[in-house]
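Here are my notes for someone opening this one for the first time. Have the sequence and the model side by side as you go through the points.

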Amino acid sequence: MRVIEVGEYGGPEVLVETDRPEPRPAAGTVRVRVAAATVNPVDVWAREGLVQALTPGLAPPFVLGWDFAGTVIEAAEGFAAGQRVLGLLPWFAVAARGIGTNAEVVAAAPGWLAPLPDGVPFADAAVLALNGPTAAQALALLPPLAGTTVLVTGASGGVGGFAVQLAAAAGADVLAVAAGADDEAYLAGLGAKQVLPRTAPAELAAAVRALRPEGVDAVVDAGLIGQLVLPAVRDGGAAVSASDGATPTAERGIKVATVHCEPDAPQLRRLADDLAAGRLVTRVAAVLPLADAAEAHRRTAAGGLRGKVVLAP
Ligand SMILES: NC(=O)c1ccc[n+]([C@@H]2O[C@H](COP(=O)([O-])OP(=O)(O)OC[C@H]3O[C@@H](n4cnc5c(N)ncnc54)[C@H](OP(=O)(O)O)[C@@H]3O)[C@@H](O)[C@H]2O)c1
């Protein structure tokens, strides 16, 4: 099967298309023919060699990719041949075994998978499969959301966009920080009560306090603002970061946490059903052939995307 390998750590040019043996049918796995896999910021960092501490035993060449959507190849573990699925592969834990979703076939544990309802494009499903659970698991680290005020940074992105939608659906008043002026209407459409234009990180807390002088109850920091986001939070509030490297030091009784997204099949199934029913929306910036992985990485690393770049093997 064709895969994209990181041949050595470096820029997008180190991504090479090559052949690897297809995983064989095996007990405890479901073979999925991949139709879509998203390029996420973590893939760019992994290619650059910045996540080695999180992936014991990993050394190039290896295959990137956390999320995927596609079709089950043969009946296994309760899944039917031909069934549409989406999945979240816990890449930090398994990459050293040679597994990643930038490949034509993935051997998935059943607990990584959920059925994909008809009508949902594979690309949309792939974008959901890592970013949706990350947002849901971040929000689960906060106190109950109903009636609270939640600030979401990086709201124009994958994780932030789902955090806005899920927090609003749970009854929170959401303040969303847009990445650009053209995102203000988009974020209001996702359920944000107020949309703040992008500021320098040092100016964010003042902009929030101008709207909510008492501070917000909680923040989901998907924009990795870090320590500078905490002054926006009221005393005794809560903060969850999308990255260990950007997790602030607690102050004023604020409860601080970091999300580490893990596969959760029932949760993924609920999110996929929400996507199918239109209760969640996602954005796809482009779908490129697997062979164009380097271009997908360039676009992702450059930022300013509206939606994700998806690879289609
Ligand atoms: N811990 C976990 O389990 C986990 C799982 C998934 C993702 N993550 C992390 O979560 C973070 C977000 O991921 P993602 O996939 O959502 O990334 P993304 O799609 O690139 O979204 C990030 C968004 O934040 C915007 N942004 C950056 N700085 C900002 C600022 N100062 N003000 C306003 N907006 C700002 C970006 O805009 P521009 O592109 O225009 O700069 C972009 O729209 C990443 O660090 C990712 O690695 C963590």
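1. A word on labels before anything else: helices (H or I, at least four residues) and strands (E, at least two) are DSSP runs, numbered from the N terminus.

2. Some housekeeping. This is a predicted model, in which local features need pLDDT of at least 70 and side-chain atom pairs count only at pLDDT 80 or more, while totals for chains, interfaces and linings use all residues. Residues are numbered from 1 along each chain as its sequence is written, and side-chain values use heavy atoms, with hydrogens and water left out.

3. Back to L305. L305 counts as partly exposed because its relative accessibility is 24%; the scale runs from buried (under 20% relative accessible area) to exposed (over 50%), with partly exposed in between, using a 1.4 Å probe and protein chains only. If you skip its neighbours within four places in sequence, L305 is in contact with A285, R299 and T300, where contact means heavy atoms within 4.5 Å. Also, L305 and R283 are 22 residues apart in sequence and 9.8 Å apart in space, C-alpha to C-alpha.

4. Now follow T300, which is found in helix α8. Is T300 buried or exposed? T300 is buried, as its relative accessible area is 15%. Leaving aside neighbours within four places in sequence, its contacts include V39, N40, P41 and V44, along with L305 and V309.

5. The axes of α1 and helix α8 (residues 293-302) come within 9 Å and cross at roughly 110°; axes are lines fitted to C-alpha atoms, for helices over the stretch in contact, and angles run from 0 to 180 degrees between N-to-C directions. That makes α1 roughly perpendicular to α8, given these cut-offs: under 35 degrees is roughly parallel, over 145 roughly antiparallel, 65 to 115 roughly perpendicular and the rest oblique. On the α1 side the contact is made by P41, D43, V44 and R47, and on the α8 side by H297, T300 and A301.

6. The term needs a side-chain nitrogen of Lys or Arg within 4 Å of a carboxyl oxygen of Asp or Glu. E295 and R299 are four residues apart in helix α8, so about one helical turn separates them. E295 is partly exposed at 30% relative accessibility, and R299 is partly exposed at 32%.

7. How many salt bridges does a search of the whole structure find? It finds 18. One of them joins R234 and D217 at 2.6 Å, N to O. R234 lies in strand β13 (residues 233-241) and D217 in strand β12 (residues 216-221), so this pair ties together parts 17 residues apart in sequence. Elsewhere, E22, R31, R33 and E74 are linked in a network of salt bridges.

8. D235 forms a salt bridge with R252, with the closest N and O atoms 2.6 Å apart. The pair links distant parts of the chain, with D235 in strand β13 and R252 in the loop between β13 and β14 (255-258). R252 counts as partly exposed, at 32% relative accessibility.

9. Last stop: L50, in the loop between α1 (41-48) and β4 (62-63). L50 is exposed because its relative accessible area is 58%.
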